[in-house]
Amino acid sequence: MDLLNTLVDKGLRRELPTREEALAVLATSDDDVLDVVAAAGKVRRHWFGRRVKLNYLVNLKSGLCPEDCSYCSQRLGSDTGILKYTWLKPDEASRAAAAGLAGGAKRVCLVASGRGPTDRDVERVAGTIKAIKDQNEGVEVCACLGLLSDGQAERLREAGADAYNHNLNTSEGTYADITTTHTYADRVDTVNKAHAAGLSACSGLIAGMGESDEDLVDVVFSLRELDPDSVPVNFLIPVEGTPLAKEWNLTPQRCLRILAMVRFVCPDVEVRIAGGREVHLRTMQPLALHLANSIFLGDYLTTEGQAGKADLEMIADAGFEVEGAGEVTLPEHRATAATGGCGAHESAGCGSHEGAGCGSVCGSHEGADGCGTAATAAAPAAHEARTDLVAVRRRGAGTDLAPNA
């Protein structure tokens with residue numbers, strides 16, 4: 001296919017595709033999806049080899065958010081049954097992080113719900129960063145606290161943060177349809193503040209909220225312009241009790257095309273599969289590793305994820321390897337420019353951030369052990385609601401139960 005050959009050549013040269021080419025990737029048929037994956041996989045392997053970076057989320061403050069992001073289980077007035085608690089103490093957060101690091105994660109993403117941190121909150125998180133770094137040599141720490149005020153990014157950098165995550169989530173043209181309590185421009189401003197402070201910027205999107213192909217291309221091109229080191233791709237988890245609970249419109253093939261388009265537009269950036277991979281990619285998750293070079297390990301912010309052991313087995317079975325703590329994530333030309341050479345941040349966490357500081361999608365995930373709930377006799381239709389794959393997190397941070405990592 002001439003389109004794919006052209007995109008591979010551009011990706012190897014870090015050349016931006018045209019909007020028409022990006023749209024054409026999303027418009028390819030399911031019959032061609034393996035060809036699309038193979039082409040984008042060449043670009044992924046050129047810049048990142050067969051390494052997969054593992055990231056681990058710690059939800060420092062869950063629920064209680066004043067923002068109204070339609071996708072978020074922590075939004076204002078939500079009735080989603082998630083865990084709700086105020087700030088974890090530094091030692092509690094450090095213990096939670098240790099589980100993910102023991103499972104192979106090299107980056108810890110510290111996420112807190114809310115519009116944005118107060119200066120006191122920043123000092124609180126600074127203490128948590130110190131506790132984690134004092135106990136875990138070489139660990140990367142990314143903060144995801146919502147909209148930043150002047151000077152806060154600098155304070156986080158001084159405290160030892162390596163990265164800051166704040167997602168654009170959707171296109172500027174449709175942003176007001178998703179959130180009314182802050183603006184798209186507010187999000188762009190926070191990403192720019194992180195950049196200016198010397199933090200590795202992480203910013204991504206959420207697919208599956210009813211957006212058009214044009215909206216997806218718009219937000220990914222905007223991300224390319226912002227030039228984050230890391231782009232987390234969330235797939236909406238329609239959590240019961242949120243306004244988007246009925247938006248079950250993604251298929252595994254659609255998700256793969258979206259990831260491929262992101263890889264072609266952002267060829268040398270850490271592309272992270274964030275919230276929703278188990279819900280929407282399901283048994284096709286291993287194919288997504290040919291497109292993205294980073295995932296979250298274990299549970300998400302407010303929902304459960306695939307068992308950490310299953311994640312590690314999937315990576316090995318697909319012929320990939322977990323990126324070691326001593327390896328630099330980004331290609332040399334980016335790593336030398338990025339703070340500490342770190343590979344970028346995320347989502348919602350941190351790979352997935354949502355809400356101003358919530359993390360519904362990032363935290364929107366499925367049953368860890370139940371993500372793999374036994375299939376029913378009849379295969380579900382492509383867009384059928386799979387509420388059986390969504391389980392509210394009841395373990396780990398904010399509970400007395402051991403985390404999933």
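Q: How many aromatic pairs does the rule count in this predicted model?
A: The count comes to 2 aromatic pairs.

Q: What makes the pair of Y175 and Y184 edge-to-face?
A: The ring centres of Y175 and Y184 lie 6.1 Å apart, and a pair needs centres within 6.5 Å. The planes stand at 65 degrees. Edge-to-face takes over 60, so the pair of Y175 and Y184 is edge-to-face.

Q: Why is Y175 called buried?
A: Its relative accessible area is 2%. Buried means under 20%, so Y175 is buried.

Q: Why does Y184 count as buried?
A: Y184 has 8% relative accessibility. The cut-off is under 20%, therefore Y184 counts as buried.

Q: What makes F296 and Y300 an edge-to-face pair?
A: Centre to centre, F296 and Y300 are 6.2 Å apart; the limit for a pair is 6.5 Å. Their planes make 70 degrees, against the required over 60. F296 and Y300 form an edge-to-face pair. Both F296 and Y300 are buried.

Q: Which charged end sits over the ring of F296?
A: That of R272, 5.7 Å from the ring centre. The distance limit is 6 Å. Likewise, the charged end of R50 sits over the ring of F320, 4.5 Å from its centre.

Q: Why do side chains in a regular strand fall on two faces?
A: Because they alternate between the two faces of the sheet.

Q: What makes strand 2 and strand 3 a pair?
A: Strand 2 (residues 107-112) and strand 3 share 5 bridges, in the parallel sense. Pairing takes at least two. L110 stands opposite A143 of strand 3.

Q: Which elements make a right-handed β-α-β unit with strand 3?
A: Strand 2 and helix 5 (residues 119-135).

Q: How many bridges join strand 3 to strand 4?
A: There are 2 bridges, and the strands run parallel. At least two are needed for a pair. Y164 in strand 4 is the bridge partner of A143. From strand 3 the chain crosses through helix 6 (residues 152-158) to strand 4, in a right-handed β-α-β crossover.

Q: What puts the buried residues of helix 2 on the same side?
A: E21, A22, V25 and L26 of helix 2 (residues 19-26) are buried. They cover an arc of only 145 degrees around the axis, so they lie on the same side of helix 2. The buried residues of helix 2 pack against helix 1, helix 3, helix 9 and helix 10.

Q: Why is R14 called partly exposed?
A: R14 has 40% relative accessibility. R14 lies in the loop between helix 1 and helix 2. Its phi is near 60 degrees, a positive value in a residue other than glycine.

Q: Why does T303 count as buried?
A: T303 has 1% relative accessibility. The cut-off is under 20%, so T303 counts as buried. T303 lies in the loop between strand 9 and helix 13.

Note on methods: Residues are numbered from 1 along each chain as its sequence is written. This is a predicted model: local features need pLDDT of at least 70, side-chain atom pairs count only at pLDDT 80 or more; totals for chains, interfaces and linings use all residues. Side-chain values use heavy atoms; hydrogens and water are left out. Helices (H or I, at least four residues) and strands (E, at least two) are DSSP runs, numbered from the N terminus. A crossover is right-handed if, with the strands pointing away from the viewer, the path from the first strand over the helix to the second runs clockwise. Rings of Phe, Tyr and Trp (its six-membered ring) pair if their centres lie within 6.5 Å; planes under 30 degrees apart count as stacked, over 60 as edge-to-face and the rest as tilted. Buried means under 20% relative accessible area, exposed over 50%, partly exposed in between (1.4 Å probe, protein chains only). A charge sits over a ring if NZ of Lys or CZ of Arg is within 6 Å of the ring centre and within 35 degrees of the ring normal. The arc is that of the directions from the helix axis to the C-beta atoms. Contact means heavy atoms within 4.5 Å.
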